[in-house]
Amino acid sequence: MEFVKPSVEYDQLWPIFVVFGVACVGVLVEAFVPRRLRYVVQSLLAFAGLVAALVGTVLVAGDLKSLGGGVARGNLAMEGTLVLDGPAVFLWGLILVFGIGGVLLFAERHLEGGVSAFAGQAAALPGTEAERQASTSGLDHTEVYPLMVFAVGGMMMFPASNDLLTMFVALEVLSLPLYLLCGLARRRRLLSQEAALKYFLLGAFSSGFFLYGVALLYGYAGSFELGAINEAIRNDLGNRTLLLVGMGMMAVGLLFKVGAAPFHAWTPDVYQGAPTAVTAFMAAGTKVAAFGALLRLFYVGFGADRWTWQPMLWVVAILTMVVGAVLAIAQTDVKRMLAYSSIAHTGFLLTGVLGVQSAADLADGQLTSLQAVLFYLVTYGFATMGAFAVVTLVRDAGGEQTHLSRWAGLGKESPLVAGTFAFFLLAMAGIPLTSGFVGKWAVFEAALSAGAYPVVVVAILSSVVAAFFYVRVIRLMYFAEPTGDGPSVMNPSILTASTIAIGAAVTLVLGVVPGPVLDLAGRAGEFIR
């Protein structure tokens, strides 16, 4: 047989090649650049690489060809294993923006007295002399930058995957660096290592479910490609038991990554134990990538069988919103409260996913479910990253103070920090004139138009419950008497300050003028096969 070389669309895929190339160069930097120079070289390399990839993503988006009279845009690439369509490129841009924000938070050294938030020697046992020497000598792990860039590359591949094996590879590429990053906190080493171990073990189980689901779906359709699986379902080919079990197992893997109940148990422990900069990056970026993959799998691969998977997502969405909103009330740690808030937001996003309808059922100008979910991911990501960046500022000699009692009276100690954090909380609650209000309106409207009334009713009630614990924190900051000497706030460098300022600005602007981003999500079009 004659060998036919594969076709690679370098002119369209170069942003993702830049990301992986920068990550590989970062590994070489660790091997050949002197230790004293690595921090500057690695942070500048990661920042410049992600900015270059973001510029490339914008250029690629402008060149996507229109399909179906403007209904969709893009084409298949890498022999059909990747899809360069409007939603994928939109998510690329969003992931890269959050990656740049993550680099800025990772590079912050002002808050820890000249060192980063990452351990000086990760291999040293907590509490040993080796750890103390590494800490006092000012060492830190600059490997975190290539690890984070590798994770960004996996996040970009995940929602652009057009076959199940590529999707699994992308899932592992984004997950493995995050397992390591979660265990590298300079402070509270045992808590950080516990978080990393829990995340790794549960993530390995979820990957096993995902891969077994891939095998069953291949047995059903005879192909890994999402379009071929959809055609097999449409033509009712194969053993339907394989389809249903495979669909369920793949759903377990994806619902774990988005933090949906009952697969959410890792979220509060990992968010609390990981370095807060990692938590901020992971909470925003992973959610975007995982929901992009979930949308593509269910809309493209299982689109012809939506009457089967929609009831399952009804139950998961309702359970996720109730669990996230109710359990957040009992939390006394700010990071754990934000983790349960993230779980509740996962339920709101799943509510938008349920709004899928055929094009014939949509009125002119009506928001599609894909458009609503993409907009919600923008609003959620900026507010969450900004909120976790604020958490890094409230600290004492022992490091960050995340217990709620230490936040009492923060409004008197630092009105600007307390006001910014209160603004992010109000956005998460969905208060008008914030991006969260418009995001919730978009996903609720999409779900209502598809007839998911019970889910929307639960979502509204959960939003009311969630508003209680958000307002409780605001009351604590402004109207409660401080305990002891009261909270102390460190002045950040321009890196963290810029991340907070951009997050607050986007949250405000999208609450007042949401039209441009909604239109951009609409112009992205539908998924292509």
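Okay, housekeeping. What we have is a predicted model, where local features need pLDDT of at least 70, side-chain atom pairs count only at pLDDT 80 or more, and totals for chains, interfaces and linings use all residues. Residues are numbered from 1 along each chain as its sequence is written, and side-chain values use heavy atoms, with hydrogens and water left out.

Let's start with the strands. Helices (H or I, at least four residues) and strands (E, at least two) are DSSP runs, numbered from the N terminus. Strand β2, residues 72-77, runs antiparallel to β3, and four bridges join them; for two strands to pair, DSSP has to find at least two bridges between them. N75 is opposite L84 in β3. The hairpin has four residues between the strands, and in it M78 takes a positive phi near 50°.

Now, are the faces of β3 covered or open? Both are covered: in residues 82-85, L82 and L84 on one side and V83 and D85 on the other are all buried. Buried means under 20% relative accessible area, exposed is over 50%, and partly exposed is in between, using a 1.4 Å probe and protein chains only. In general, side chains in a regular strand alternate between the two faces of the sheet.

On to the rings. Phe, Tyr and Trp rings (the six-membered one for Trp) pair if their centres lie within 6.5 Å; planes under 30 degrees apart are stacked, over 60 edge-to-face, and the rest tilted. That rule gives 22 aromatic pairs. One of them is F106 with F281, edge-to-face at 6.5 Å centre to centre, with 80° between the planes. F106 sits in helix α3 (residues 86-106) and F281 in helix α11 (residues 276-301), so this pair ties together parts 175 residues apart in sequence. F106 is buried at 1% relative accessible area, and F281 is buried at 0%. F423 and F424 have ring centres 6.4 Å apart and planes at 45°, so they count as tilted. There's also a cluster, where ring pairs link Y179, Y199, F200, F256, W266, Y271 and F388.

Charges over rings next, meaning NZ of Lys or CZ of Arg within 6 Å of the ring centre and within 35 degrees of the ring normal. The charged end of R109 sits over the ring of Y39, 3.8 Å from its centre. R306 lies over the face of W307, 4.5 Å from the ring centre.

Last stop, the outside: Y10 is in helix α1, and at 55% relative accessibility Y10 counts as exposed.
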